[in-house]
Structures are given as structure tokens and as C-alpha cells.
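Work through the exercises below with the model open. Each task is followed by its solution.

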Amino acid sequence: MLYIRLIVAVVIAATAIVQAAEPKKCCFPDQYTVLKGSTIATFTEETKAPLALYEAQDIAFDYTNGRIGYYANYTFFSGQDSQSTRVVEDMAKKLLWVIDPIKKQCTKSSLADFNTYRCIPENATYIGKSYFGDKSLYMDTWMFNTTDYLETAGLYSIAVDSNGCIPIGDSFNGKSTGAGITQDIVSTSGYTNFELGIRDPDKYFKLPDYCKQVNDEPSKLLGLLQKTKL
């Protein structure tokens, strides 16, 4: 966890230092898997209480077939019991599945049209170029306002590998109204263990048998999940 947090701190701090000619806005690969670690702080209008947590995700992005699947574990800094969940977003069928692997329960929600931000958007502002190590890994950082990602809006920045448009780190500051819950959100994230392609699609996208009998109500975690794949 600490390693990923340090990556995020370096990415966010360093990319504002070095100015360079603006590169072409790039798009992420068609299919890939990656581990993502995020430190997230939220404030919910309903409870008037802050919440801080660490989220670890194992994600598969399949833009070829219009779907995203991931496993997530949430560790709460307040000492609450950790939570694990699995999510499948099927953009072709416009369905979102939230799966509780412990209780063996599923919730299914409609997934409206939204921008997955597979590519750096045209309205993004180029912040600059930086590198890790002895100039062994160059990255470009972009920043933009998002207003059309599910029910989440705010200021988003992302650092990507200059040679392959591979995500390295990101940050977000905004608001979510997903699942009828209004939340202010601040987060920083780091990406590791990138692999091109998806070795085991069923691991991420095959629904368990117990999802055949599902609840059609949003999961309580849905509001937080809204912003996890910007």
C-alpha cells in the first residue's frame, strides 16, 4: 500500500515541475489488466461525517467488448471492518453488477451512457513531462474537468507512460451523487503490474450462478464505486 501511495505522491508533485512541448493526446490499450491502489476521503451530506479508506483493485479493461470488471477491497482508516466486492460493468447491455463474494449476493443496476475516458479528452490541459529513476520512465500528466462520468463531476488529473499511454497515477477532487448519495470525494491513485491483454476473461466477467437471482436495487457501495475507473 505504502509503495503505491509514494508513487502517487511523486507523480502528482513532479509532473508540475518540468514543462515540455504538448504531446498528442493518447488512448489506453484495447485490453489490459492492472492493479490500482487508491487513498480516498469522502464527506457525505446525509451523515455529515468524513470517511477515509484505502481501496485495492484488480481491474480488467476490455474496451474491445465494452466492459470493465474488477475486484476491490476497502480498508477503512477508522477501524471499521474491511469490505470486499466484485464489479462487472457491461456497457453494451448497459448493466452494472455489484457482487458480494462473501455473502454470495448480487445487485443489478441500469448503466446509463457515460464516458469511460479511454482517451485523454480534447478539453484536457497538458501539465508537463517527468520521469522516474535515471530517466528510465517518462510520463505525461493531463488535467481536465469531468461532468459526464456516471454521476460524478470534478477535477481529474492523470499521468501516463509517454511511450504507451499506460496509466501510472491519478488524482480526483469532486462530487458524486450515485445511488442517491451525495458525496464530496478526494482521491489519489497509483497503478502497478500492468499487463497487455486479459489472460483470464472469465475471472473478471463471468457472473457466478447465484447472480441469476438478483436484487434490482443499487448496492450501498455503489456511490463510492461511481468514480473508481476514471
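Rings of Phe, Tyr and Trp (its six-membered ring) pair if their centres lie within 6.5 Å; planes under 30 degrees apart count as stacked, over 60 as edge-to-face and the rest as tilted. The model is predicted, local features need pLDDT of at least 70, side-chain atom pairs count only at pLDDT 80 or more, and totals for chains, interfaces and linings use all residues. Residues are numbered from 1 along each chain as its sequence is written, and side-chain values use heavy atoms, with hydrogens and water left out.

**Exercise 1.** State how many aromatic pairs the structure holds, and classify the pair of tyrosine 71 and tyrosine 204.

Solution. The count is 8 aromatic pairs. For tyrosine 71 and tyrosine 204, the ring centres are 6.2 Å apart and the planes stand at 65 degrees, so this pair is edge-to-face. Next, place the residues: tyrosine 71 belongs to strand E3 (residues 67-76) and tyrosine 204 to helix H2 (residues 201-205), so the pair ties together parts 133 residues apart in sequence. Helices (H or I, at least four residues) and strands (E, at least two) are DSSP runs, numbered from the N terminus.

**Exercise 2.** Is tyrosine 204 buried or exposed?

Solution. Buried means under 20% relative accessible area, exposed over 50%, and partly exposed in between (1.4 Å probe, protein chains only). Tyrosine 204 has 6% relative accessibility and therefore counts as buried. Tyrosine 71, at 30%, counts as partly exposed.

**Exercise 3.** Classify the pair of tyrosine 131 and tyrosine 138.

Solution. The centres lie 5.5 Å apart with 55 degrees between the planes, and the pair is tilted. Tyrosine 131 is partly exposed at 39%; tyrosine 138 is partly exposed at 31%.
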